[in-house]
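Here are my notes on the fold, as promised. Have the model open while you read.

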Amino acid sequence: MSDDPTQVREFFGARAADWDSRFPDDGPAYAAAVGEVGLRPGDAVLDAGCGTGRALPPLRAAVGPSGTVIGADLTPEMIERAVDAGRGGKDGGALLLADVGRLPVRDGALDAVFGAGLVSHLADPVADLRELARVVRPGGRLALFHPIGRAALAARHGRQITPDDLRAEPRLRPLLAEAGWRLVSYVDEDARYLALAVRES
């Protein structure tokens, strides 16, 4: 899968219509991952690369009606599917058609960023993760999530995992550090992938 923005849009745009039906059982994994981010009522959180918005309802539940939830995605068709699924507005979040590498969000405005399946699709991982750090306050959190682990995902696509995978802990830790994050927790199991990082001051 390419990390070129045009190819990313084409790839996900062509798959948006049936994306949720291809992965119908992921909801509980999303909710469990959101539960580990440490969000509180009133917090402001971004779902970076939100796709069809599957994380938006649990994010909304975590921050409550006084909190702010934003979903940003590069692919118009994915944003449309999120709207069609009722994941925008008060029950989910505000939806933005935006590149996570160039966010229309002020510095330090957010308490956390949630990114499902995000890292491998970033055009410039260090610069894009640095942009996510820009919009989060010092001490805020980043959650990089996937509902299945690296090995299970590679097997699904008929591949082997490799040491140069950006999601591998030895690659991810220095990548995050260069972008202003400190990795504090890393889980890569068949049933889930979750890396949690804190925004350095």
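1. β2 and β3 pair in the parallel sense, with four bridges between them; pairing here needs at least two DSSP bridges. Within that region, Asp 73 has Leu 97 of β3 as its bridge partner. Strands (E, at least two residues) and helices (H or I, at least four) are DSSP runs, numbered from the N terminus.

2. Mind the source: this is a predicted model, where local features need pLDDT of at least 70 and side-chain atom pairs count only at pLDDT 80 or more, while totals for chains, interfaces and linings use all residues. Residues are numbered from 1 along each chain as its sequence is written, and side-chain values use heavy atoms, leaving out hydrogens and water.

3. The open sheet has seven strands, ordered β3-β2-β1-β4-β5-β7-β6, with mixed pairing. β3 and β6 (181–189) each have a single partner strand, so one side of each lacks a neighbour in the sheet.

4. Now for α4 (residues 56–63): its buried residues are Leu 56, Pro 58, Leu 59, Arg 60 and Val 63. Buried means under 20% relative accessible area, exposed over 50%, partly exposed in between (1.4 Å probe, protein chains only). Their cover includes α3 (27–35), β1 (44–48), β2 (68–73), β3 (94–97) and β4 (110–116).

5. Not counting residues up to four places away in sequence, His 146 touches Gly 117, Leu 153, Arg 192 and Tyr 193, contact being heavy atoms within 4.5 Å.
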